[in-house]
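Have the model open as you read.

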Amino acid sequence: MNKPLLQLLLTRIVLAFVTLFAVSVVVFTATQYLPGDPARAALGAKADPSAVEALRREFGMDRPAVVQYFSWIEGALTGDFGRSIPSGRPVWEAIGPRAVNTMVLTVTSLLLLIPLSFVLGIVAAIYKDRLADHLISVPTIVTVALPEFVIGTVLIVLFAVYLRWLPPVSLINDSLPLSSQSSLFILPVLTLLGTTLAQVVRMVRAVALEVLSAEYIYMVRLRGISPARVLIWHVLPNTITPTIQTIALNAAWLAGGVVVTESVFQLPGIGSALSDAVINRDMPTVLAITLIITATYVLINLVSEALILLLNPRLRVASGKN
Amino acid sequence: MSTSVLRLTLAKPAARIALVLVLIIVALATLGPYFSPYAFDEIVGAPFAPITQEHWLGTDFLGRDTFSRFLYGGRTVLVVALSATVAAYIVAVPLGIYSGLRRGPLDVVLIAISDVIYALPPAIFLLVLLASTGPSLPTVIVGIVILHSPRIFRIVRLITMDISKNEYVEAAFARGESWTAICFLDILPNVLTPVTADFGVRLCGSIILYASLSYLGLGLPPPAADWGLMISENRIGITISPWIAIAPALAIAVFSVAVNVLTDSFARSVGRSKEI
């Protein structure tokens, strides 16, 4: 790898860590200084002041905030996120198995999102303003503006209430292998696809339209190369780079979208754990899940920036001259 | 807004249909409570009773009239989404103009803050905020304002920087005109069009965010009627009477899709097809 490219990549990596550090400080500070004492919230408004004080001591909340921050971040880096306030159990013990479910849900959605959006986007571009385009473009205008819980509710009504093909809730059993419960993931995956597919398809369609009208495609066609070859070897590769950012944006949206989606289907993941923790004001759990989701979000953005840099042929030419 | 922009915006039938739908939802949300046959918290029968002449949408999990609750349930999402979006512009437009014209240390600080907010997934940010302060509508509005502001700020700042390079702005400075006069007479009119073009996208975002929070039980607390909450609190009865969930889901869907289609058309008519 050449020098300027390496330097750019390293800068991006350092920036990602700085952002993550800043976010962790902001989130931690927010839970410290904003009104509302987590210990009091956990015990209830009428709790005995001495009991509140004892709980604060037990969880180390009586130490200075800076000390608390560093001991928290030190633990977090080694997978120790402290203990959940209402139950007293280690946070990781509760969210670890759930993280696996969330991983399966998001990775499956992403693996379906990418090929589907390229196929639909390019088909819509080839048949611009014809029936196939309308059949693809009109639903995307609708789903792009829908919240996850609306799509999820519609899917439940359709597939669980009227057709009775799938269960209305995705209560995953920890003691059974996930592969035997794959049908429980169908509706949640469809929900996440519904909210993300629209934007990526629209982007692919717009880029593909531009590529299709480019002169080099016209020249390739004049050379008598078959339409299928033109699509696979010339159109598709040129739509990838401009679309990466949109895909990354939606992948990052998936990281947040799991909160509502998992709650809709009562799927035990870290997203539904976060909304439960917010309602119970279980701060250690909120902090842990926020850190995990934000880290994923920052990482996805970093990977997409790196890919755009690596796939940009102009940077390769510049390095050839050096 | 000039009449030609209005005509262009409503040129397509889809935009005209969207306008009618937006007006219907706004009327439903604001006037609905005056036409409701029962009070939103009045228990009128058995839970999940079927649709009858007295109860057009049946009853909910506590035996309250679903149709009455549906008529009450749109107010909050309308008020929260609209006020949060407008407030975000009131906060971010002056800051963006100031930052773009003056630059300096405040500019650096504001850019750094917006970078941190960008790095947080929106839904996660709101959840952390509500976890630490406890759920309340003012906090939700403040949270949505904080989420929208950096995005508006960035656009306004860039446009201001661009405009301030123009000769007529330099001439105004040379004539010794005051900063306030330059901001209002030279910068603001140029900023307004691109900024209003994005208003609908953000309004749609606010609707989705608030409705989702309400669904998660972090909006208006029970026994209040709120479209998002109505869907989640009745979810155990969805197989018995699906209309309890379909009606509010449809209302939210129509509202946000129609706002999206209408403002997309508006953005095109002022020459902007995409969000920056």
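This is a predicted model: local features need pLDDT of at least 70, side-chain atom pairs count only at pLDDT 80 or more; totals for chains, interfaces and linings use all residues.

Start at A:Ser275, where a polar atom of the side chain lies 3.2 Å from the backbone oxygen of A:Ser272. Residues are numbered from 1 along each chain as its sequence is written, chains are lettered from A and ligands numbered from 1 in the order in which they are written, and side-chain values use heavy atoms, with hydrogens and water left out.

A:Ser275 sits in helix 11 (residues 270-280) of chain A; helices here are DSSP runs (H or I, at least four residues), numbered from the N terminus. Is A:Ser275 buried or exposed? With a relative accessibility of 4%, A:Ser275 counts as buried, a word that stands for under 20% relative accessible area, while exposed is over 50% and partly exposed is in between (1.4 Å probe, protein chains only). Leaving aside residues up to four places away in sequence, A:Ser275 touches A:Val259, A:Ser263 and B:Leu216, where contact means heavy atoms within 4.5 Å.

B:Leu216 takes us across to chain B. Together with B:Ser132 and B:Arg235, B:Leu216 turns up again once we look at the whole interface. The contact draws 46 residues from chain A and 39 residues from chain B. B:Ser132, B:Leu216 and B:Arg235 supply 16% of the area that chain B buries against chain A, more than any other three residues. The area buried between the two chains is about 3500 Å², and carbon and sulfur atoms give 78% of it; buried area is the accessible area (1.4 Å probe) that two parts lose on being put together, summed over both.

What kinds of residues make up the side of chain B that touches chain A? They divide into 29 nonpolar, 8 polar and 2 charged. In this count Ala, Val, Leu, Ile, Met, Phe, Trp, Tyr, Cys and Pro are nonpolar, Asp, Glu, Lys and Arg are charged, and the others, Gly among them, are polar. A salt bridge is a side-chain nitrogen of Lys or Arg within 4 Å of a carboxyl oxygen of Asp or Glu.

Over all chains, however, a search of the whole structure finds 14 salt bridges. One of them pairs B:Glu233 with B:Arg69, with the closest N and O atoms 2.9 Å apart. B:Glu233 lies in helix 11 of chain B and B:Arg69 in helix 3 of chain B, so the pair ties together parts that are 164 residues apart in sequence. Both B:Glu233 and B:Arg69 are buried.

A second pair in chain B is B:Asp107 and B:Arg157, whose side chains meet in a salt bridge at 2.7 Å, N to O. Because B:Asp107 lies in helix 5 and B:Arg157 in helix 7 (residues 137-163) of chain B, this pair ties together parts that are 50 residues apart in sequence. B:Asp107 is buried, with a relative accessible area of 5%, and B:Arg157 is buried at 12%.

The salt bridge of B:Glu177 with B:Arg175 has its closest N and O atoms 2.6 Å apart. Here B:Glu177 is partly exposed at 28% relative accessibility, and B:Arg175 is exposed, with a relative accessible area of 57%. Salt bridges that share partners also join B:Asp60, B:Arg64, B:Arg69 and B:Glu233 into one network.

Finally, the backbone deserves a look. Most residues other than glycine have a negative phi, and most peptide bonds are trans. A:Gln266 has a positive phi of about 50° although it is not a glycine, and A:Gln266 is found in the loop between helix 10 (227-265) and helix 11 of chain A. In chain B, a cis peptide bond joins B:Pro222 and B:Pro223, with omega about 5°.

Technical notes
Helices (H or I, at least four residues) and strands (E, at least two) are DSSP runs, numbered from the N terminus. A polar contact is a pair of N or O atoms within 3.5 Å; within protein, one must be able to donate a hydrogen and the other to accept it, and residues adjacent in sequence count only if both atoms are side-chain atoms.
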